[in-house]
Amino acid sequence: MSDGYTRVCSLSDVPDEGALGVEVGGTPVAVVRSEGEIYAISDICSHAEVNLSEGEVEEGTIECWLHGSCFDLGSGKPINPPATQPVATYAVQIDGDDVLVSLDTQSSKG
Amino acid sequence: MASPNLGIREHSHGGDVPISRLDVHGSFESANFPVPNGREEEWRFTPLRRLRGLHQGREIADGTVTVEVSGPEQAVVERVGREDSRLGASFLPNDRVSALAWESFTDFNPATVVTVPKDTELSETVFVKVTGTEQGDAFGHILVRAEPHSSATVVLEYAGSAVYADNVEFVVEDGASLTVISLQDWDSDAVQVSHQYATVGRDARFRSFVVTLGGDLVRLSPSVRYKGTGGDAELHGLYFTGAAQHHEHRSLIDHNESNTRSRVEYKGALSGEDAHAVWIGDVIIGEGTSGTDSYEHNRNLVLTDGTRVDSVPNLEIFTGEVEGAGHASASGRLDDIHLFYLQSRGIPPAEARRLVIRGFFQDLIGRIEVPELRDRIMDEVEEKLALHE
């Protein structure tokens with residue numbers, strides 16, 4: 001639990017090419033698995049109040065189901081409108097079967 | 001037609017998409033409203049997470065709110081329970097939070113009733129101050145009644161901190177004149193969802209000034225309906241939305257009677273990262289009425305990057321016999337030509353900015369007939385301006 005890392009779920013909870021919505025200290029976080037990699041990003045779309053974890057995951061991106069903006073999982077940047085602002089990305093550690101997320105450190109992937 | 005257009009009948013405009021405000025039903029029971037999920041037309045601009053459960057009805061009552069009233073002796077001030085038949089007679093809650101507030105307010109405070117007796121012109125302003133003293137869920141109810149041919153000015157002030165929902169009824173009876181100044185001056189962590197239901201009688205006059213400066217999230221829904229011909233309602237609004245604040249105003253005028261007049265004018269400024277202002281204006285001109293004169297508009301001044309404005313003026317007209325009906329909305333940044341003009345007269349840029357912004361708000365603030373409030377509001381606006389200069 002050092003460096004502000006919190007266990008959010010076990011690895012098996014995160015579906016292949018899919019996402020799981022969790023909360024870390026009141027902050028909604030989407031834990032996403034795409035192409036074998038685990039990512040953590042803000043679970044709220046930067047455009048409207050929608051949970052990104054309910055959207056489809058494909059090739060390193062997640063799509064907001066309501067208006068169709070896709071976000072790069074590594075950088076949090078939107079790939080297409082209507083979103084224009086990036087969503088926050090968080091650092092992830094895998095410890096055995098546990099997925100740990102830190103809100104303090106931004107992910108360095110992407 | 002004497003019955004209000006809203007909340008009393010079955011879906012009158014059929015179809016699958018309930019886009020008309022006439023399709024909104026009212027109820028005093030929160031169970032009749034599903035818990036909003038953020039996709040609904042009336043909730044889609046509100047960040048539900050930041051309501052801290054106020055829309056859910058968690059039956060937590062951990063907040064403390066005090067209500068103080070001061071004013072001239074002619075005004076009758078009472079504290080009454082829900083069983084008082086005067087309460088809830090002028091409105092039907094039109095969303096879940098309003099119904100929850102109705103169900104829950106007596107757990108906190110009795111309702112406050114201010115009555116201006118008939119034929120009485122109040123010499124002084126009545127002040128109603130609602131203060132959140134302990135942060136937590138709390139509910140309230142206020143009724144202001146201006147009896148026939150009376151005249152009064154009431155200041156409603158919200159301060160301190162709370163997660164607060166209330167219903168405020170303004171009943172302006174025949175020939176009366178009521179001016180209300182509602183000042184939302186909360187601490188920065190407060191959440192408020194408020195409904196102000198006004199009923200305007202025959203030849204009566206209602207003027208509302210809504211000034212929203214504080215809070216983390218304020219969502220205020222002023223509505224007006226008429227109880228006779230010749231009613232006149234003016235809704236003025238001013239908000240200054242700072243970094244991370246959410247200010248939402250949803251006005252609704254229901255011209256359910258003939259020969260009524262309404263004006264809605266809301267003006268706001270936004271400054272700072274994630275400042276979010278929402279204005280939704282609805283005007284309904286009812287079936288079978290004639291001689292309605294209405295206009296609604298919204299202006300937003302965007303002072304920095306990173307802000308967001310949603311402004312939606314709606315007009316629903318169900319008759320051909322209309323005197324005037326218009327709606328308008330504009331959001332933009334300071335006009336370079338205005339600034340250039342002032343600078344060409346030797347005024348430094350920062351001062352020029354301040355002058356233009358002051359001018360933007362001044363005509364609205366200038367119409368508030370309580371001098372000490374005028375100065376206070378202008379000072380607070382200047383304070384918020386200084387934060388981002």
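Select Ala244(B). This residue sits in the loop between strand S12 (232–241) and S13 of chain B. The model is predicted, so read every value here as computed. Phi of Ala244(B) is near 65 degrees, positive although the residue is not glycine. Most residues other than glycine have a negative phi. Is Ala244(B) buried or partly exposed? Ala244(B) is partly exposed, because 15 other C-beta atoms lie within 10 Å, and a buried residue needs 20 or more.

Now go to Asp274(B). Asp274(B) is in the loop between strand S14 (261–270) and S15 of chain B. Its phi is near 65 degrees, again a positive value in a residue other than glycine. Asp274(B) counts as partly exposed, with 15 C-beta neighbours inside 10 Å.

Next, select residues 276–285 of chain B, strand S15. Nine of the 10 residues are buried, so the rest of the structure largely encloses S15(B). S13(B) pairs with S15(B) in the parallel sense over 10 bridges. Look at His246(B): opposite it in S15(B) stands His276(B). S17(B) and S15(B) run parallel, joined by 10 bridges. Which residue of S17(B) is the bridge partner of Asp282(B)? That partner is Asn314(B).

Move to strand S5, residues 137–146 of chain B. Here 10 of the 10 residues are buried, so S5(B) is largely enclosed by the rest of the structure. Show the side chains. In a regular strand they alternate between the two faces of the sheet.

- Asp137(B), Phe139(B), His141(B), Leu143(B) and Arg145(B) point one way, and all are buried.
- Ala138(B), Gly140(B), Ile142(B), Val144(B) and Ala146(B) point the other way, and all are buried.

Now bring in the partners of S5(B). Strand S3 (residues 111–116) of chain B pairs with S5(B) in the parallel sense over five bridges. Strand S7 (residues 163–172) of chain B also runs parallel to S5(B), with 10 bridges between them. Centre on Ile142(B). Thr112(B) stands opposite Ile142(B), and in S7(B) the bridge partner of Ile142(B) is Val168(B).

Select Leu178(B) next. Which residues is Leu178(B) in contact with, leaving aside neighbours within four places in sequence? They are Val144(B), Ala146(B), Ala152(B), Val154(B), Phe170(B), Val172(B) and Phe206(B).

The largest nonpolar core has 92 residues. Val154(B), Phe170(B), Val172(B), Leu178(B) and Phe206(B) touch the most other members. This core draws at least three residues from each of domain 1 (21–333) and domain 2 (335–389) of chain B. Another core, of 29 residues, lies apart from it; among its members are Tyr5(A), Ala19(A), Val29(A) and Leu73(A). In soluble globular proteins, nonpolar side chains tend to be buried together.

Stay on chain A for one stop: Pro82(A). The peptide bond from Pro81(A) to Pro82(A) is cis, with omega near 10 degrees. Most peptide bonds are trans. Pro82(A) lies in the loop between strand S7 (70–72) and strand S8 (89–95) of chain A.

Finally, zoom out to chain B. Chain B has four helices and 18 strands. Its radius of gyration is 20 Å, close to the 21 Å from the globule rule for 389 residues, so chain B is as compact as a globular protein of that length. Along its principal axes the C-alpha trace spans about 60 × 50 × 50 Å. Of the 389 residues, 47% count as buried. Among chain B contacts between residues at least 6 apart in sequence, 83% join residues at least 24 apart.

Technical notes: Residues are numbered from 1 along each chain as its sequence is written. Chains are lettered from A and ligands numbered from 1 in the order in which they are written. This is a predicted model: local features need pLDDT of at least 70, side-chain atom pairs count only at pLDDT 80 or more; totals for chains, interfaces and linings use all residues. A nonpolar core is a set of buried Ala, Val, Leu, Ile, Met, Phe, Trp, Tyr and Cys residues joined through C-beta atoms within 7 Å. A residue is buried if 20 or more other C-beta atoms lie within 10 Å of its own, exposed if 12 or fewer, and partly exposed in between; C-beta atoms are placed from the backbone. Domain bounds come from an automatic or database domain assignment. Two residues are in contact if their C-beta atoms, placed from the backbone, lie within 7 Å. Helices (H or I, at least four residues) and strands (E, at least two) are DSSP runs, numbered from the N terminus. Two strands pair if DSSP finds at least two bridges between them. The radius of gyration is taken over C-alpha atoms; the globule rule is 2.2 Å times the number of residues to the power 0.38.
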